[in-house]
Amino acid sequence: MMFGSGIPTVGVDALSSDDFLLDVREDDEWQAGHAEGALHIPMSDFVARFGELTEKAPDGGRINVICRSGGRSAQVTMYLVQQGLDAANVDGGMQSWEATGRPVVSGDGAPGVVI
């Protein structure tokens with residue numbers, strides 16, 4: 001599936017617990033609720049922390065990028081694709097993640113909410 005001007009997208013229902021997930025929301029959003037196991041690099045810090053992503057992303061694997069609703073993650077996905085990486089925007093973001101019943105945890109590991 002493609003988003004906007006040719007940005008690869010993936011639906012929440014197509015993701016498994018083994019898929020690599022990059023959350024680009026800001027710290028307050030992450031603390032309120034996120035997908036367990038996701039890597040958190042806020043979009044505002046993304047370029048400065050790009051090396052952290054390349055160290056933790058699976059070699060040759062897809063980077064699934066998520067934000068609240070899909071706008072910020074689409075921008076980061078476009079950047080990653082331009083860098084030659086396999087990346088996809090998670091359609092509907094954390095709002096879809098939560099709506100489909102996927103678990104959301106807070107910064108302290110308790111049940112979380114998407115803000």
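1. V10 has V90 of strand 6 as its bridge partner. Strand 2 (residues 7-10) and strand 6 run parallel and pair over 2 bridges; two strands count as paired if DSSP finds at least two bridges between them. Helices (H or I, at least four residues) and strands (E, at least two) are DSSP runs, numbered from the N terminus.

2. The model is predicted: local features need pLDDT of at least 70, side-chain atom pairs count only at pLDDT 80 or more, and totals for chains, interfaces and linings use all residues. Residues are numbered from 1 along each chain as its sequence is written, and side-chain values use heavy atoms, with hydrogens and water left out.

3. Strand 5 (residues 63-66) also pairs with strand 6 in the parallel sense, over 3 bridges. Here V65 has N89 as its bridge partner.

4. Strand 6 (residues 87-90) is covered on both faces, with A87 and N89 buried on one side and A88 and V90 buried on the other. Buried means under 20% relative accessible area (1.4 Å probe, protein chains only).

5. Strand 5, helix 3 and strand 6 form a right-handed β-α-β unit: with the strands pointing away from the viewer, the path from the first strand over the helix to the second runs clockwise.

6. In helix 3, the buried residues are S73, A74, V76, T77 and L80. Viewed down the helix 3 axis, these residues fall within an arc of 165 degrees, so they line one face of the helix; the arc is taken from the directions from the helix axis to the C-beta atoms.

7. Just after helix 3, G84 adopts a positive phi of about 85 degrees.

Definitions and conventions:
Buried means under 20% relative accessible area, exposed over 50%, partly exposed in between (1.4 Å probe, protein chains only).
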